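I opened a new notebook page for this structure. I wanted to look up a few features one by one.

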Amino acid sequence: MSDAPRFKNPIVRWVDHRLPIFTFMHHQQVYPTPKNLNYWWNFGSLAGIMLVVMIVTGIVLAMHYTANATMAFDSVERIMRDVNYGWLIRYIHMNGASMFFIVVYIHIFRGLYYGSYKAPRELLWLLGIVILLLMMATAFMGYVLPWGQMSFWGATVITNLFSAIPLVGQSIVTWLWGGFSVDNPTLNRFFSLHYLLPFVIFAVVFLHLWALHHHKSNNPLGIDIKGPQDTIPFHPYYTVKDNFGIGVFFIVFAALVFFAPNFFGEADNNIPANPLQTPPHIVPEWYFLPYYAILRATPDNFIGGWLTSWLGFIAVPAKLAGVILMFGSLLVLALQPWFDRSPVRSARFRPVYKWFFWIILLDAVVLGYCGAKPPEGAYVVIARLAAAWYFFHFVILMPLLSVFERPDPLPHSISEPVLKGSGFALAPAKPMEKA
Amino acid sequence: MRRIIAGCCAAIALVLGTGATSAQDEQAQCIAEIAAKNPLAHQEWDFNSIFGTYDQAALKRGFQVYKEVCSACHSMNLLSYRHLSGIGLSEDEIKAVAASVQVTDGPNDEGEMFERPGRPSDKFHPPFPNEQAARASNNGALPPDLSLMAKAREGGPDHIVGILTGYGDPPACLKMNEGMNFNHGFDAAGFQIAMPAPLSDGAVTYADGTQATVPQMAHDVAYFLSWASEPNLDARHKIGVGTILFLIVLTACFYAVYRKVWSDVH
C-alpha cells in the first residue's frame, strides 16, 4: 500500500512526477492506523480543527480590529454591534480559545493515561508541549487585545513575572512593554505576535504530525503494531470517525457560542482599561488557573530557605520561586518520557499508575479551583498541597512507580484481543460491532 | 455570588468573634451584616432562555426611563440613534429622537464649528463633554457609561435592579461618608454610592399605561440596558437553534456513515 500509487488522471500524473504532492496525500489516506483506537483519540483531530477555526475567525476579526490603546475597546464593540455577524465571529473566536484548551488538555491527559509519550514518541510529546506553550502565549496576548480592565491588568501581572529574574528582570519587563508600563506599544506588539504565533503553531503541528506518522499512533493497549492485521487505513475508517467526533464537538461548541457566549468571560473586561484603577480581584482565563495557583502557592523564601541551608548564600524570593515552579510545572510534564521508566505504556496494564492518573487529574482540577479563588485562608493551604503533589507525582512518584509497580500481562497483539474477544479490550468496542 | 461568599466569610469571622474593637473592624462587621442580609435578588429574564427574545414593549419603556432620567448624567457612548430600530422604533421615531439633541459638527467651509440637530447616524449625545465636566457636576464622582453596564458587573441586570431599588436608611452601625447615599445593592464600595436615588414612583409616565413604580422602572431600564449591551441576542438565539438542529442531523449522518464504514472491521 505504501508504494507510489498509479494515478489515472494524466495531469495528476504530470504534477506528481515533478512534485509528489498526490503521492503524499495518498500516503496520508492509506496511513496504517491501529484498529483499536477509542474516542479519546478523536481529540487530536479536534485540536487541529480548532486551530483552523481560530485562524480563520482571527483573520476576519483582524480586518475590523484597531490595535491602538485609545481605540481597541471601541473597535471590538464595533465588531459586536455594527459589523455584519461580527458578534458571531468574535464569540466563536472568544469561546474557541476555551474549547481549544479543553480539547488540548484532554489530548494531553489521554497521552498520560495511555503512555503515548514513551519511546519512540518522546519528540512527538515534546513538540506537543511546545505547541501548548505557544498556545498559552497566543491566548494570553489575544486576551489583552480587547483592552478591557482584565486585559490590561492581566497583562500587567503576567509581564511583571519576568521582573523576578535576578539582575536583568526589570530591564526585560521594560523591553517587553516597550515603555515603563503596559501601554500602546505593548498592545501593538501583542497584536503583531498574536497574529504571528498561530502560524508558528501550525508549523509545529506539522512536525508533530510528521513525528506521529513516522512511528504511527499509540493505542489503548499501548503495544506496538505487529503487522497489517493490526491496522486499518486512516481513510476512510478514521476520517469518518473523526467526522462524527467533530459533529458532536461542534454541537457543544455551538451551544456555548449561541446560548452562553460569556460563560467563560469576566464582567470586568467589559470595562475599558483604566491604568489608574486596579480591579479588586485579577484572575486569568480558566485555562491558566492551575499555573496561576502554583505561581501564588510559594511561601516567602520557600526555595530560598531550602537552598540557603545547602549553599549558604543564595536566597530566592517567593516571586522568583513561584515563577520557577510555574514554568517548572510544564518542564516536568515535558520530561515525563524520562521520569517514567516503566516499559508498559497503557495504564490499563498498570494497576497502580491507573489510580495515580486519576489523582493527578483531580489535582490539576483542584489547582485550577484554587487559582480562581483569592489567595487567602484555606485556599492557600490547599493550593500549596496540590502544587506539592503535582511535582511529587511527576518527579518522584513516576520514577518510583516504574520500579515498584508490577504491570499486568500484556496481550500479544492488537488484533488478538479484538478478534478473540478476550475480555478487557473488547468490552468498550462492542457497541461498534453491529453496523 | 461574590457577595454571598464575602458575607459568609465575614459572618464566620463574626462567630469566631476575636473581640473586634477598633472602629475599622466594626465597619467591616457592619458591611458584612448588610451583605448577609441583602443577597442579590435574581429575577427571571425571559430573553435568557434558549428561544428567548427581547420584549419590545419593555425595551421601549426602559429606553424612556433612560432618556428621561438616567441620561441626565449617564452617557451611552457605544450606541447610535439608528440602533434604536432594535427596540422597535420606526425610522421616523428614531429621526425625532435624534433631532431632539443639538450636535456639534464641522468645520464648515468657513472653518467654523456649528450646531445642528442630531441624525440617526449620530452617537447618543453624552450629558457631559468630558470626564472632568462630569465629575465637576457630580460632586467628584464619575457617572459610568451605561452601554455595557448589564455585562460589566457581576449579576448583570439583577445588579442594576438591585442598585435602583436598594436605597434606604443606613443601619446605625454604618458610618456614612460625606455626600454619599446608602444603597444595599451597591456592594462595590461598602454600600455607599454617590448617586442619589434616581427613581421615585411616577418619575416617568408610560405611554402604554404601565404603572411607573420604582421596581417596574428599575426592571424596565435593566431590560433596556441588557439589550444595549447585547443587541444581537435575538438573532443569536434564532441562528443558534437552527445551527444546533442542523448539527444534530449532520452528526447523525456522520454516525450512520461511521457505523457503515466500520461494519467490516472486527
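My entries follow below.

**Ground rules.** I am working with a predicted model, where local features need pLDDT of at least 70, side-chain atom pairs count only at pLDDT 80 or more, and totals for chains, interfaces and linings use all residues. Residues are numbered from 1 along each chain as its sequence is written, while chains are lettered from A and ligands numbered from 1 in the order in which they are written. Helices (H or I, at least four residues) and strands (E, at least two) are DSSP runs, numbered from the N terminus.

**Helix H9 of chain A.** I checked the length of helix H9 (residues 184-215) of chain A.

Next I asked which residues of H9(A) are buried. A residue is buried if 20 or more other C-beta atoms lie within 10 Å of its own, exposed if 12 or fewer, and partly exposed in between, with C-beta atoms placed from the backbone. I found A:Thr186, A:Leu187, A:Phe190, A:Phe191, A:His194, A:Ile201 and A:His208. What covers them includes H3, H4, H6, H7 and H8 of chain A. After H9(A) comes A:Lys216, with a positive phi near 70 degrees.

**H6 against H7 in chain A.** Two packed helices are described by the angle between their axes and the distance between the axes. Axes are lines fitted to C-alpha atoms, for helices over the stretch in contact, and angles run from 0 to 180 degrees between N-to-C directions. The axes of H6(A) and H7(A) come within 8 Å and cross at roughly 135 degrees. That makes H6(A) oblique to H7(A). Angles under 35 degrees count as roughly parallel, over 145 as roughly antiparallel, 65 to 115 as roughly perpendicular and the rest as oblique.

Which residues meet here? Contact needs C-beta atoms, placed from the backbone, within 7 Å. A:Phe140, A:Tyr143 and A:Val144 of H6(A) meet A:Ser151, A:Gly154, A:Ala155 and A:Ile158 of H7(A). I sorted them by class: Ala, Val, Leu, Ile, Met, Phe, Trp, Tyr, Cys and Pro count as nonpolar, Asp, Glu, Lys and Arg as charged, and the others, Gly among them, as polar. The contact has 5 nonpolar, 2 polar and no charged residues.

The loop between H6 and H7 of chain A holds A:Trp147. Its phi is positive, near 60 degrees, and A:Trp147 is not a glycine. A:Trp147 counts as buried because 26 C-beta neighbours lie inside 10 Å.

**Where the chains meet.** I counted 27 residues of chain A in contact with 30 residues of chain B. On the chain A side, H4 and H10 are the elements that give two or more residues. H10(A) gives the most, with 14 residues. That side has 18 nonpolar, 4 polar and 5 charged residues.

**Cis bonds.** A:His235 and A:Pro236 are joined by a cis peptide bond, omega about 10 degrees. A:Pro236 sits in helix H10 (residues 234-259) of chain A. In chain B, the bond from B:Gly106 to B:Pro107 is cis, with omega near 5 degrees. B:Pro107 is in the loop between strands E1 (102-105) and E2 (114-117) of chain B.

Is B:Asn139 buried or exposed? B:Asn139 counts as exposed because 12 C-beta neighbours lie inside 10 Å. Its phi is positive too, about 60 degrees.

Terms used:
Two residues are in contact if their C-beta atoms, placed from the backbone, lie within 7 Å.
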